[in-house]
Structures are given as C-alpha cells and as structure tokens.
Amino acid sequence: MHIHLAWRNIWRNPRRTTVILTAVVIGIWSMVFLGALMRGMMTGMIDNGISTLTGDIQVHHKGYRNDPVIENSMTNPSMLKKILNDTLPNGSQWTARIRVNAVANNARHYSGVTMVGINPAQEAKISFIGPERIQGKYLDSMDHHGIVIGRELLEKFETRIGKKLVLMSQDTNQEIASRAFKIIGIFTAEMKATEKQFVFVTMSAAEKMLKLKNTISEISIIIPENHNNSKIASDIREVLPPKDYEVHTWQELLHILTAYLEMFDQFMYIWFVVVFIAMGFGIVNTTLMAVYERMREFGLLKALGMKPWWIVRSVIYESFLLLIMGMAIGNLLAFACIHALSKNGIDLSYLAEGADYFGISRIIFPDIFFQDVLVANLVVIVLGIIVSIYPAVRAARFTPVEALAHI
Amino acid sequence: MSIDIKMAWRNIWRNPRRTIITISAIAFACLLLVFMLSFQFGSYETMINSSIKIHAGHLQIQAKEYQEKQNIRMVVPNPEETGRILDNVLYVESYTYRAKAFSLVSSKNRTYGVMVIGIDPSREKMVSTIKNSIRQGSYLSMEDKNQAIVGRLLAKNLGVLPGDELTIMGQGRDGSIAATVVSVKGIYASGIDEFDRSSIQIPLTVFQDVYTMDNAVHEVVVIGDSLRNISKIKKNVQGQLKKLKENEFLTVLDWEELMPGLRQGIEMDLTMGIVFYLLLIIVVAFSILNTFLMAIFERTKEFGVLMAIGTTPGRITKLLLIESISLTMVGIIAGIFIGSLLTLFFQYHGIDLSGSSELLAQYGISGMIYPKLSLLSALSGPFAVFFITVLAALYPALKIRKLQPVEAMLHV
C-alpha cells in the first residue's frame, strides 16, 4: 500500500520527477561507468606489470632483489622444480630465467639493457613475449646465437633482423664476458621502456656466455585466477630454506603500482561522494518542493489522525523509489556503455608517450569491479535517504490548522 | 537599478530556503572546481619544475637529431659562442654545458652500463638541483679532477661509498677507447629512480679530455626566469643562432620536446579531470533545473495576470533569465570566494601526501603538494558552471512564450 501510494505521488508531477531522475541517472552512470574505466586502466597497468617478467609470484636467491648479480643465483634448480610441483595448485605455470644487467652494443651504439635467458616455450605461457608478439622468429631452445630485441631498441640502434648485436656482462668470475648474437626477432610491448630494456636469449646461450652451470636467477609463477597469491607465496616460503631464498608476490615486487592502487581507491570513493553531494542538493530541493505543494494534504491527513512518523515514512518511501529508479536506469546505462566499449576499448595511442609516462596501457578496456558498483549504489541510496529526512521531517511538522489554512 | 532587476531579485527571495539550497549547489560545484583545478595546475607545475631542475632544463641547444640518437659524434662544437648569444637573451636566467656518453662503469666487483655526464660544476649548480640532493659526500667543485658523483641506486648496485674508486670505459668521439679512473666524491638522490639508477656525473673538462671531445659539448642547457617566457626565449635564441651559417645544424628544444612523456602525461591527466568535472557540472545542472522549472509552474497565474495587463512574453522571459542568472552569479561568486580562500590556505600550508611519497617522487613531487591559484584555475571551472546552468535555465524561460493569458490565469 505504502509503496503504491508513494509511486503515485511521485508521478503527480512527471516533469519534475523526470528532471531529478535524470540527475540521479547521470550521477550513477558516471560513477559506475567512469569507475569501470579507471579500474580498467588499473587492471591494464597490473596485467602489464605482471606480464612484463613479473608473474604473480617470484622466487629469488636471498639478496638478488637488492643486488641483481650473477653471484646471487639459485644453484639447485632440480630441487626447486620438485618443491614447486608439489606446492603449486593445479593449473599453475612457472618458468626459470637467467636475468642480468648487460650492455648491448653494435658498431655505432651502446645501451644498458637487461639480458634475459629464457626457456622459450615455457616463457611464452607466462609473459608478454611469445611467438604471436614477434616479428621475425621466436627463440628456439636449441638456438645459441639468436636474440630477440624490442622495436624501440632496434630503432635506436639503427639495425635490423639478421644483424649482429654484442652483449657484455659480468660473468661468474667477475670478468667482463661478451658474446655476439644475431637478431632473429623483434618484439613489441605496451611500454616503450620495456622495448628498450629487455633483450631475450635462450637459457643455454646465457649459461655459455656467463659460464654458468645449472644456475638460475629467477623463477616466475603464474597461478590460476581463483587462488590467492599471497597464501601460495607463504606456502612456498615455508618449504624453502629461508636463509637462501626469498619469495615475493607481485604486490611486493611492483610496490609503486600497489601504492598507486591504494591512492586510487581513495580517490574513487571521494569522487562518489562528490557526485552524490551534487545530486543531493537536487534531491533535497525537489523533495522539499513536492512536500510544500502538498502542505494541505499533509495537514488534512494529520487532522484525520495520521501520526507524524507515518508522514516521515511516506516521504522517505517516495525518495527511496525515486533513487531506486534512478539507480536501476543509471546502472543499466552504465553497463550498456561498458559492454559497448568492451570490444574495442578506448584508444589512447595519440597520447602514447603520456600513457607510457604513467605506465598505462595504450588501449583501456573498462573493467567492472563488483565492489565499486556496490559502493557507488550504497553511497547514493544511503546518503540519499539521509538527506531526504530533512524534507520528510518538515512535512511531518505541518500543523493541521496552519496547513489547512494554506492554499 | 532597473525595475526588471529589482523585480527579479525580489522574486528570487520569495522562497529563501529553495534559493539557498540552489545557490549552495552552484557554490559547491564552483568551490570544488576552483580547488581541484588549482591543485592539478599546482602539481603539474611542481612536476615540470622538478623534472626541469633535476636535469632537462627549460631549453636545450643540441645538434639536430641528438635528442633521438644520442650519438656522441653529434656535438655543439663551440659552446662558448652559444653562451655569448645566451648572455644577451632576455629572460635567460642561467645556462650550462653538458656532454654525455654511455659507458661501462665498474667498481671492485660490479659493472654496470650507465650514462656518464660531464658537467661544469660552477654553472651546473645554477641550473640543476642535483647539488641539493647530495646525500653522502659532497658536490663536485671546480678544482676536482678525477672525481665523480653517483646516483643513489647506482651507488647501491655498484656497492660504492664516497672515497671508493670507479673505472669508466667507453668510446670516445673519435672512436678511440675512452677509459679513466675516478673516485666517488658524493652520492645524490634526485628521487626519480630511473635517473638515480643510470647516471654518474664527472667534471666537464675531464670528460672532454677522456672522450676526446676537444672543446665540444652535447647540450647547452638553459633555465629561463619562468615557464611563461620559454617560448620567447626559444624564438629569440633560434633567431640569433640562424645569423651564423655554421650554426645551422644546431636546434633549440624546449622542455616539451625534451620530455614528451611529461607533457602528454599532463594532457592526459587534465583530459580525465575535465571529463569528471563536466559530468559533475551536468549533475549539478539537473539538480537545480527543478528550481528554475518550479519557479515558473508556481507562478503561472501571476504570469497570466502580467500578460493580461500588457507585459510581453519576451519581457517575462527576460525577467526569468535575469532571475536565474543572478541566482547563478551569487552561487558562483560565493563558490569562487570560498574556493579561493581554501586554495590559498593550502597553497600556503601545502597538502601533505607523504603517505604516498615514494610514488609521487617518481613524478618529481616531494611529499607536499601546493595548489596554485591562478586566474585560469579560479575562473575556468566557474565559467563552465555558469554556461551550463544558463543553458539549463533557458528551457523553462522559453516555455513562457507558449503561455496564453486566460488559461494561465485560471491555473491554480
């Protein structure tokens, strides 16, 4: 009955209701839609970070993170392999790498790079590198002289596929080791910085160059989506001898990104409240108008014996209905927009260097976070009802005599 | 005061509660926009200034294509001559010379490939803030010969402290091997990890000697008196350089060309901000549209009477527009006033964001952000609010034209 009454009351003045409804709809729409876009940007950053040789979890020799040199390598890969196979949940993928700082040079140019010795087939399942993202040839595990480099580096070095590239780095005897490679493939990445930084060779080529045997510098693990990586990380931590190994999650490895995410969460919730305040003024004003117009009616109801509390309740029912309607339409619109964008995303290529500067992908795909949608809707409904208490209480205060005298 | 304005003003205050709520909505939007835009502009300026002061400078004179290729052979052969030009250019505050080469730097048991930068200590300290970011040891002085200052992260990676020795090995300008031994005099922490990880600075004279540069340098770095005058300086220097034929392979780059990522990053941030603000303004506009609408519906009868006694619909529309514009103006002025006060407060005291200082340091912002109130940041947001609200007010005001006096008077 109450709901029915409230519904009819709302539509006594359709134009006014439509206007305020529009305000609520745009508000909700912007919260959910822009929220999803921002989230998409964040997810892009995270995916990017994870696929740029980070993975969900990494295992290193103690001290490698602070001092990434060849001395801080893990010397027992077969033991690690056994432990990982026992601890990791089904569906996990992992790969081992040799990773050292090196200097790349050809006849004309020098540059500092990170040389990564990989197991090509396994690496392709874990990182951004793999046959699909490569122009030319991808590495083959038996290839001792092939090297895959990024497009930016290639351009900077004014070289091309088939040309020679020399890498220099410190070997296990702390001597400068150098080795000539032939460029066989070019990779492209989201970030230009990545294309400049990494060069890929096979594990065996890296071993030969650095005079290593059965040694790896890093293990990178991707776990199935429904698992918690910090829990798995602590599982691994438990079985590995802590004085030799360290295990990190991506949140720890990409700590700047993690800090960014935290700041972003706060920003988003502040934005929700700000948008609400903007529509809150409208809700209060419109409800007040609606109430004052019906002063006579409320007076009469009171004269007939209706309790003030009932009047408060009926006014609140009205704004509740209004808010629910606005939310339904707003959410629907937002989801429609998100759906429309989910195929092609928003292309930021024209600001590619700016995107690089902030570490954002060049194409943003919206990403719905259930929690954000919930918070946005809760903010609107809870605060919306709180602000309509004021007009409701006003309505309940009309005294019958005064109200009935009002025209 | 004309009768119309007087009438409009009285009409606004017929329902004070509604008017105050409407004004508050407008003031809130303006206040927020003034503050946020000032905040954004302030942080951009901090970002730009710190990137400029750490390394890039406002302007650089380089050989053409050096920026892209960083080839050691692309030099400015007569830096003193360019210096003499710069001495006479208005707004130039200071300038310095630098030479750069990628080289291998080794400590006792570590080797890294880094950028070795030759600097002129006495000039450099007028241009860059590195002198103030020395954390250990001290800055280079004019008398120093084989001394170097090293970035914090590089020093950590190399495992060196002030007093330790480093071997530098690279290729000279003429293709010969360039090698020297320097001792670490100081360690700097600019806050930008990338820079602190990949650079070491030595005296320019030593650099020129080791890398067979003769008298040449790679960059002439210029600092102007403010960001605003950079384009004037650039034009002026370009003109002066063109006078001499031998300078035609030199080019002048401003900070936007030196750091394209920074400029686009700022553009992107600003664009996103504008999208958010526009949506906010539209929500506000719809919130207050009802006030404008109601003002008409409640007064249909009154308008009927006015029309019956000979007021033209045009005049009533004008009256209504004056009402809504003055309502908006009151809100906007209040918003600008409070927003400016708030901004000025934080401009003076700063906003402490030290919780995320590590993150912000990467963009050259230290723990504090100072919003910067300017005519642009104080007025552009409110102007948008004004424009959109007036647009919203237009709809009800134009509806008056359809009103028939007799029907209107019968309206309750």
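Select A:Ala23. This residue is buried, because 26 other C-beta atoms lie within 10 Å. (Buried means 20 or more other C-beta atoms within 10 Å of a residue's own, with C-beta atoms placed from the backbone.) The model is predicted: local features need pLDDT of at least 70, side-chain atom pairs count only at pLDDT 80 or more, and totals for chains, interfaces and linings use all residues. Residues are numbered from 1 along each chain as its sequence is written, while chains are lettered from A and ligands numbered from 1 in the order in which they are written.

Now show helix 2 of chain A, residues 14–51, which holds A:Ala23. (Helices are DSSP runs of H or I with at least four residues, strands are E runs of at least two, and both are numbered from the N terminus.)

Next, pick the contacts of A:Ala23. Beyond its neighbours within four places in sequence, they are A:Met279, A:Gly282, B:Val283, B:Phe286 and B:Ser287. (Contact means C-beta atoms, placed from the backbone, within 7 Å.)

Turn to chain B. Here 44 residues of chain B are in contact with 44 residues of chain A. Select helix 11 of chain B: this helix gives the most to the side touching chain A, with 21 residues.

Finally, colour chain A by domain. Domain 1 is 2–49 + 257–405, and domain 2 is 55–249. (These bounds come from an automatic or database domain assignment.) Taken over C-alpha atoms, the domain centres are separated by 49 Å. Five residues from domain 1 and four residues from domain 2 make the contact.

Methods. Contact = placed C-beta atoms within 7 Å. Buried ≥ 20, exposed ≤ 12 C-beta atoms within 10 Å, placed from the backbone.
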